[in-house]
Amino acid sequence: MTLKLLKEDGLKKLIEALNKADTRVVGPKRNKAGMVTYDDVNADTELELDEVIGRYSPKDAFFPQHETVMRYKLDGKDVHVKAETPVIKETVLLGVRPCDAAAMISLNKVFTWDYVDTLFTERQKKATIISLACNNADESCFCTSVGFAPDGTEGSDILLKKIKSGGYLAELITKEGEAFATTHKSIFENAPAKADTVAIAEPTKLDIDIDRIKSWLDDKEKSWEHPLWEQLAAKCVGCGGCTFVCPTCHCFDIVDEPYGDQGKRVKNWDGCQFDHFTLHASGHNPREHQPQRWRNRFSCKFKIYPDRFEKKGCVGCGRCIRVCPVNLDITEAMTEITQIAK
Amino acid sequence: MHNLYVPHLMTIEDVTEEAPDVKTFHLVFKDEKMRENFEFETGQFGEYSAFGHGECTFCIASASSRKGFIQCTFRRSGKVTDALYNLEIGDTIGFRGPYGNTFDLEAMKGKNLVFVAGGIGLPPLRSLILTVLDNREDYGDITIVYGARTVKDLVYKDQLKHWAERKDVKMVTAVDPGGETDDWTGKVGFVPTVLEETAPSSGNSMAVVCGPPVMIKFSLQSLEKLGFSRSDVITTLENRMKCGFGKCGRCNVGNIYVCKDGPVFTAEEVAAMPNDF
C-alpha cells in the first residue's frame, strides 16, 4: 500500500481541482436544518469533517432516494416509452466514514447479483471513495462489534488519517485510488517516513458476537417465534426511519407518477418496517404485525445479507439508533441475543 | 447501459371475461424481434404495467410451447389491476420478464401428474397443463382437480370443458358447498376434500398445487394422506413484488427470494421455510 501526504491546504486544492474537472464532490455538509448530511460540496470550508457521522448515509450518491427509471407518453391506444439515461458525472465521495464505504460493497452485491442494476453500478463505477478514519466514536457507534474498524479500508479507494500537526496521511487502497492520486500528484505528495496521526477511535460495545447471532438466526426453531421480537417491537412506531438512514438498506418501490397523458416511472426508497410493504392485493399480509417486520429487518442485516450476498448487512454506523424516535437500540437486541445464544 | 426497469410494449389482442372481476389478456409484443425471439418457461412470471398506474405481478398463463404471444389472467383487486381490467382490445400494456424459476418438466417426464388448483390459482398451472398436453405422450396419467367458490368463479370455463372431454385427462371440477347452481353437474366440496375423494395414486406420481394459502395448506395435507412424498409435491408461492429480480427486497421468505428462487418450490422446500408468506 502506498502512503501519500495531503498538506493542510490539500483538501482545498483537491476540491478546486475537482471543480475545475467538473467532477461532483459529495461530502459531509451542514444542511439548512442544521444536520450534517452528505451533499454536493464546492469548497473545503463546507466540509464538516469533525462530525462523527452524517445523519443520513451517502448511499444516495449511488442509489438516489427518488430515481426516474423511464418516461412514458400515451398516444391514443399506443404508448411511447423512453428509458431514463441520467447524466452521471465522475464523483468523489470525500470524507465519508469507513463504515459507509464498506456498506457500498454490500449494496453492490444486491444490485448486481444475477441482474445488474446499471443505474446503481454506473454511478458506483464513476465514483472514487476517499474516506476519513474516525478519531471519535459516539455512544451509538458500533462498527467494531460487527467486524469493521474506525480505520477500516473495505470499500475505500483512499483512506485519510488526520495528522496531529495538520493535513492528512492518505493510504491508497485500490488501483483506482492510486490512479486518482497520480492524476492529482501535486496534491498527493510523498509521505514523510513518519507521520504523527491522531489516535483512532476506541472499539465500542464489546459484548456483541455476530457469529453467535447468526447461528441463533439460522436455528429457526429457536429464533423465529422468540418473544424478543414482541418485546422489541412493542415500542416501535413503524416510522421506518431506521431503514431510510441505513447505509445497507436497499428496498424500494416502483411507482408511476402521471401528469395528464404522460408521466414517469420512479424508484423510491421503501422500507420493511411499513405495514403496507408486504401487503398482498388480497388483503393477506405475511408481515402484518410490527414484531414480524422487526424480525425481518434484523434478519436481513445478520442472516440474509451474509447468506445471500456473503457480505455484512450491518456496518455498525449507529444511524438507526440515533434516528429512532422511541430510542430503540439495535445493539441492545444484539447484546441480548448474544447472551441468549450462549 | 441496459435499464432493467423499462418494459416491453404489448398489444392486447383479445380479452376474455373469465369470472366476476377476472379477465384473461392475450398479449402480443409490438416489436417484431421480440415477437419472434421471446421465450419463457412454464412457471415464470412477469411484471405487467398499466401506464400511469404502475406494475403488477402475474404468472404467464399460456403454454411455453406456443410462441408468438403470452396470456395472463388476473383478478381486479387493487389500483393497478383495476386499471388493467379497464383496458380494452387494441390498448397497450407494458411487460417485463420472464422472471423466476420454472416447473421442472424433465422431472415430470414419464410420471403420472396430479394438478390441484383453487380459484385464481389455476392460471399458473394452466401454463404447465397446456405445455404437458402439447407433449402428452411424455407423461403418464393426468388428473386435474380444480375448484372455486361458486360456479361463476371458475376460470377458463371453455378450457375446463375441453379438458373434461379429453379421454386422456381425468378432470374433476368442484365448487364450494353453497356455490353450486341447479344445473351444476360437477362435485360440491372444498378442493382438499374432493382431492381425497378422487384419490389419485401416488405411485410414480407428482402433484402440483396452486391456490389460496388455506387451500394449499390443506391440499398438501391431503396429498400427504394419499401417500405423496413432499419432494414429489410442487407448489408456487406468491408474495408482493415490485422489481421481480431480487433487488426491491419485499418478497423474501426468510432468506429465500420468491422472485429468484421461486415462484416454484417443492412442498419439502416450503416446509423448511419460516412462516413468512
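Tutor: In this predicted model, 45 residues of chain A are in contact with 38 residues of chain B. On the chain B side, strands β4 (54-59) and β6 (92-99) each supply at least two of the residues that touch chain A. Sorted by class, that side of chain B has 17 polar, 13 nonpolar and 8 charged residues.

Now the sheet of chain A. It is an open sheet of 8 strands with mixed pairing, and the order across it is β3-β2-β6-β7-β8-β9-β1-β10. The edges are taken by β3 (36-40) and β10 (189-190) of chain A; each has a single partner strand, so one side of each has no neighbour in the sheet. Helix α4 (residues 175-183) of chain A packs on this sheet, where it touches β1 (2-6), β7 (127-132), β8 (158-162) and β9 (168-172) of chain A. The direction of α4 makes about 130° with that of β9(A).

One pairing within the sheet can be followed down to residues. In chain A, β2 (residues 24-30) and β6 (residues 91-96) run in the parallel sense and are joined over 3 bridges. Across this pair, V26(A) stands opposite L93(A) of β6(A).

Strand β8 of chain A, one of those touched by α4, contains K162(A). Is this lysine buried or exposed? K162(A) is buried, because 20 other C-beta atoms lie within 10 Å, and 20 is the number at which a residue counts as buried. Leaving aside residues up to four places away in sequence, K162(A) touches N135(A), Y168(A), T197(A) and V198(A). Of these, Y168(A) falls within the range of β9 (168-172) of chain A. E257(A), by contrast, is 95 residues from K162(A) in sequence and 46 Å from it in space, taken C-alpha to C-alpha.

There is also a helix pair in chain A. Helix α2 (residues 98-112) and helix α3 (residues 118-125) pack at an angle of about 145°, and their axes are 9 Å apart. The crossing of α2(A) and α3(A) is left-handed. From α2(A), the residues involved are M104(A), N108(A), F111(A) and T112(A), which meet F120(A), T121(A) and Q124(A) of α3(A). By class, the residues of this contact are 4 polar and 3 nonpolar, with no charged residue.

Methods: Residues numbered from 1 in each chain as written. Chains lettered and ligands numbered in written order. Predicted model: local features only at pLDDT ≥ 70, side-chain atom pairs only at ≥ 80, totals over all residues. Contact = placed C-beta atoms within 7 Å. Helix = DSSP H or I, 4+ residues; strand = E, 2+ residues; numbered from the N terminus. Nonpolar A, V, L, I, M, F, W, Y, C, P; charged D, E, K, R; others polar. Pairing = 2+ DSSP bridges. Axes fitted to C-alpha atoms, helices over the stretch in contact; angles between N-to-C directions. Left-handed = near helix turned anticlockwise from the far one by under 90°. Buried ≥ 20, exposed ≤ 12 C-beta atoms within 10 Å, placed from the backbone.
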